[in-house]
Amino acid sequence: MARAPDSRGPQRAPAAPPGLPPSMRDRVPFLLYRTSEMSHSLANEMLAEMALSARQAGILTMVTELEPMTQKALGDALRIDRTTMVTLLDDLEDKGYLTRQRHPHDRRAFLVHPTDSGRTAKVAAVRILDEQQRRFLAPLTPAERTQLAALLKRLTVTGSQSRDSNATG
């Protein structure tokens, strides 16, 4: 039985992003940064219907799945500076999605706990982010999505290990 032709046509390399100088066009770290910014922007746009940002959805996910966490641990895990973290947490607390309580063993630290509303908001945010991922990765085949995820996970683990060894070395 003959296979139907691929509706996408022959596989070609995508055109270079417009307006980029040659020294940036093929630089993988720049392309990763640029696609990350595009994905982040789409996530923020889609989460706006819940009056949440992508960073806030990340915070809710962390504290509902790994609760409780200190503000510092959250900031370190999500790579959010201390001042920005306080602002994001203030907003989430004002919305009733989390509470902060003094750490029982460290008076300088606060533990961040989700509320029931926060857990519900996290579930809704993850549904939106699932759709955001589907839209953002739509140009890729399922196999390409799987390969991209595997490669990014490998880079993330390797990057974390080298940062940890540089910090201790």
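Student: At roughly what angle do the axes of helix 2 and helix 6 cross?

Tutor: This is a predicted model, and in it helix 2 covers residues 28–47. The axes of helix 2 and helix 6 come within 10 Å of each other. Their crossing angle is roughly 135 degrees.

Student: Are helix 2 and helix 6 parallel, antiparallel, perpendicular or oblique to each other?

Tutor: The crossing of these two helices, helix 2 and helix 6, is right-handed. An angle over 145 degrees would count as roughly antiparallel, and one of 65 to 115 degrees as roughly perpendicular. The angle here is roughly 135 degrees. Helix 2 and helix 6 are therefore oblique.

Student: How do the residues of the contact of helix 2 with helix 6 divide by class?

Tutor: From helix 2, the residues T35, M38, S39, L42, A43, M46 and L47 take part. They meet A125, I128, L129, E131, Q132, R135 and F136 in helix 6. By class, the residues of this contact of helix 2 with helix 6 are nine nonpolar, three polar and two charged.

Student: How far apart are the axes of helix 3 and helix 4?

Tutor: Helix 3 comprises residues 54–65, and helix 4 comprises residues 71–78. The two pack at an angle of about 120 degrees, and helix 3 and helix 4 are therefore oblique to each other. The distance between their axes is 11 Å.

Student: How many charged residues does the contact of helix 3 with helix 4 have?

Tutor: Helix 3 passes helix 4 in a right-handed crossing. In the contact, G58, I59, M62 and V63 of helix 3 meet L74, A77 and L78 of helix 4. By class, the contact of helix 3 with helix 4 has six nonpolar residues and one polar residue, while the number of charged residues is none.

Student: In what order do the three strands stand in the open sheet?

Tutor: The pairing in this sheet is antiparallel. Strand 1 (69–70) and strand 2 (98–103) stand at the edges with a single partner strand each, so one side of each has no neighbour in the sheet. The order of the strands is 1-3-2.

Student: Over how many bridges do strand 2 and strand 3 pair?

Tutor: A hairpin joins strand 2 to strand 3 through two residues. Along the pairing, L98 stands opposite P114, R102 stands opposite F110, and H103 has D106 as its bridge partner. Strand 2 and strand 3 (residues 106–114) pair in the antiparallel sense, and the number of bridges is six.

Student: Which residue in strand 3 is the bridge partner of T70?

Tutor: Strand 1 and strand 3 pair in the antiparallel sense over two bridges. The bridge partner of T70 in strand 3 is L111.

Student: Which element of the protein has the highest mean pLDDT?

Tutor: The mean pLDDT of the protein is 87, and 83% of its residues reach 70 or more. Over residues 1–10 the pLDDT is below 50, and beyond near neighbours in sequence this stretch has two contacts in the model. Among the elements, helix 7 (residues 142–168) has the lowest mean pLDDT, 81. The highest, 97, belongs to helix 6 (residues 116–136).

Key: Residues numbered from 1 in each chain as written. Predicted model: local features only at pLDDT ≥ 70, side-chain atom pairs only at ≥ 80, totals over all residues. Heavy atoms only, no water. pLDDT = per-residue confidence, 0-100. Helix = DSSP H or I, 4+ residues; strand = E, 2+ residues; numbered from the N terminus. Contact = heavy atoms within 4.5 Å. Pairing = 2+ DSSP bridges. Axes fitted to C-alpha atoms, helices over the stretch in contact; angles between N-to-C directions. Parallel < 35°, antiparallel > 145°, perpendicular 65-115°, else oblique. Left-handed = near helix turned anticlockwise from the far one by under 90°. Nonpolar A, V, L, I, M, F, W, Y, C, P; charged D, E, K, R; others polar.
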